[in-house]
Amino acid sequence: MGKIILTGDRPTGRLHIGHYVGSLRRRVELQNSGEFDEIYVFIADAQALTDNIDNPEKVRQNVIEVALDYLSAGLDPAKTTIFIQSQIPELCELSFYYMDLVTVARLQRNPTVKQEMALRGFSDSSDGADNKKGTPVGFFTYPISQAADITAFKANIVPVGEDQEPMIEQTREIVRKFNSVYGEVLVEPEILLPENSACLRLPGTDGKAKMSKSLGNCIYLSDSSEEVWNKVKGMFTDPGHLQVSDPGKVEGNTVFTYLDAFCKPEHFEKFADKFIGKKVCFTFHNLDEVKAQYRAGGLGDMMIKNFLYAVLEDTLAPIRARRAEFEKDIPGVYRMLEEGCKKARAKAAQTLDEVRKAMKINYFDDKELIEQQAQSFGNR
Ligand code: TRP
C-alpha cells in the first residue's frame, strides 16, 4: 500500500501564520521529503459553503487567495495535486452513501462540530423558544463529507491541526463500518499532528486562544513587511512587565509563544544585533537564554519584539516574494487548479467504482450479475 497524504483548508480567509506553523510548513516538508507516493492538498470550498451559503462571493474570492498562499508557501503542483473540492462530484456521492453509516447521535457528539455550532449561534431546540439560527444539515454532516474527502483518495496520512482530530476519528469509524459491511475497500487514515507544541494552536497577536479573522488578531502570509511589524509592535506580552528591569513572564507571553514556533538555532547569530540595548549588549545562544534573561528582568519588550520581527520576516519575506511572482499570472494559477482537479477526479472516480461494486449498486457493468439474474428467472 502506498503512502498517500491528503489535507485541505476552508477558503474563508487568507491563510495566516497559525495555518503555516500548524500545517502548511509541515506539508511543504513532507512534499519535499520524497517519501510519499501521492500528495493531495485541496481547497474545501463546498465545506466553506456549509455555513456561508449566503456569501458565495467570499468563498470564491478566497479560493484564489488560498491557492496563492499554497504556492507561495512552497507547495509545488509538480509534486502535490492541488484541487478544489466542489469540482469533484464523486465526493458528494460518497458522502451520500456514508450518511447511512453514521447516526445522528454520533454526529452530535463530535466535539469540534459542537464547538463550532456554539460559536456560530446554531441551535435546534424543538420548543421554538429561542431566537437562534437553526443548524444547516450540510454543516451538521460535514464530518461525513470530510470522510469522503479523505477516503476518496485512499489517504492514509492526514496532516491537520488538533481541532481536526474528531474528524479523523469519525472517518476511521466510517471506514471500519464500511469495510465490515461491504468488504475491504476503504483505508483508515492516521492523523499527523504538528510536532512542536507551540504550533498546535498559535494564539492571536492579542494573546487570545486562536487566530481568527473576526477577532482581527492574525498575521497573514500575505501581509506586507510593514503590516507584520505593526502587528508585532502591538502584540500582547506580559501586562505586569512595565519596566525593562522588571522580571517578566514567559508563559502566556505571545511573543515567546511565536518565538517557540518560528525561532531556529541560526537566528541567534543572524539577529544578535536585535539584542543591543542602550547600555548593554546581550549575546544569546538559544531561546532558553533569552527566556531566562526576560524572567530575571533587564530585557525590554521592544527588544524581544524586534527579534521576533526579524525571525518572522526570515520566513515571511521569501513567501511574500514568491506570492508576488504568482500574482502576475492569475490565469496560470487557475490552469494549475484545473489540472489538479482533473487528476484528483480520476482518482476519486476509481475509488467510487470500487465502492459502488462493493455496495452492489453497479448494475450495468456486472455481466455476472445479469447472467445470474437471468438464470434465476429462468431465462435461457
Ligand atoms: N475541516 C478542515 C478545516 O477546517 C478542512 C478539510 C475539509 C479537511 N476536508 C478535509 C482537512 C479533509 C483534512 C482532510 O481546516
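Helices, taken as H or I runs of at least four residues, and strands, taken as E runs of at least two, are DSSP runs numbered from the N terminus. On that basis the protein chain of this predicted model has 17 helices and five strands. Its C-alpha trace spans about 100 × 55 × 35 Å along the principal axes, and buried residues make up 37% of the 380 residues in the chain. Of the contacts in the chain between residues at least 6 apart in sequence, 76% join residues at least 24 apart.

**Domains and their contact**

The domain assignment divides the protein chain into domain 1, which is made of two segments, 4-201 and 329-370, and domain 2, which covers 224-325. The C-alpha centres of domain 1 and domain 2 lie 36 Å apart, and the contact takes eight residues from domain 1 and seven residues from domain 2. On the side of domain 1 that touches domain 2, the elements giving two or more residues are α3 and α10 (197-200), with the largest share, four residues, coming from α3. That side of domain 1 has six nonpolar and two polar residues, and no charged residues.

**Packing of α3 and α16**

Helix α3, residues 56-73, also packs with helix α16, residues 330-358, at an angle of about 85 degrees and with the axes 11 Å apart. Because angles of 65 to 115 degrees count as roughly perpendicular, α3 and α16 are therefore roughly perpendicular to each other. The contact is made by Ile64, Ala67, Leu68 and Leu71 of α3, together with Ile330, Val333 and Leu337 of α16. By class, the residues of the contact of α3 with α16 are seven nonpolar, no polar and no charged.

**Surroundings of the ligand**

The ligand is surrounded by 13 residues, of which the closest are Thr7, Gly8, Ala44, Gln146 and Asp149. The elements that give two or more residues to this shell are β1 (4-9) and α8 (142-151), and β1 gives the most, with four residues. By class, the shell around the ligand has five nonpolar, five polar and three charged residues.

| Side of domain 1 that touches domain 2 | six residues | two residues | no residues |

How values were computed
Residues are numbered from 1 along each chain as its sequence is written. This is a predicted model: local features need pLDDT of at least 70, side-chain atom pairs count only at pLDDT 80 or more; totals for chains, interfaces and linings use all residues. A residue is near a molecule or strand if its C-beta atom, placed from the backbone, lies within 6 Å of it. Ala, Val, Leu, Ile, Met, Phe, Trp, Tyr, Cys and Pro count as nonpolar, Asp, Glu, Lys and Arg as charged, and the others, Gly among them, as polar. Axes are lines fitted to C-alpha atoms, for helices over the stretch in contact, and angles run from 0 to 180 degrees between N-to-C directions. Angles under 35 degrees count as roughly parallel, over 145 as roughly antiparallel, 65 to 115 as roughly perpendicular and the rest as oblique. Two residues are in contact if their C-beta atoms, placed from the backbone, lie within 7 Å. Domain bounds come from an automatic or database domain assignment. A residue is buried if 20 or more other C-beta atoms lie within 10 Å of its own, exposed if 12 or fewer, and partly exposed in between; C-beta atoms are placed from the backbone.
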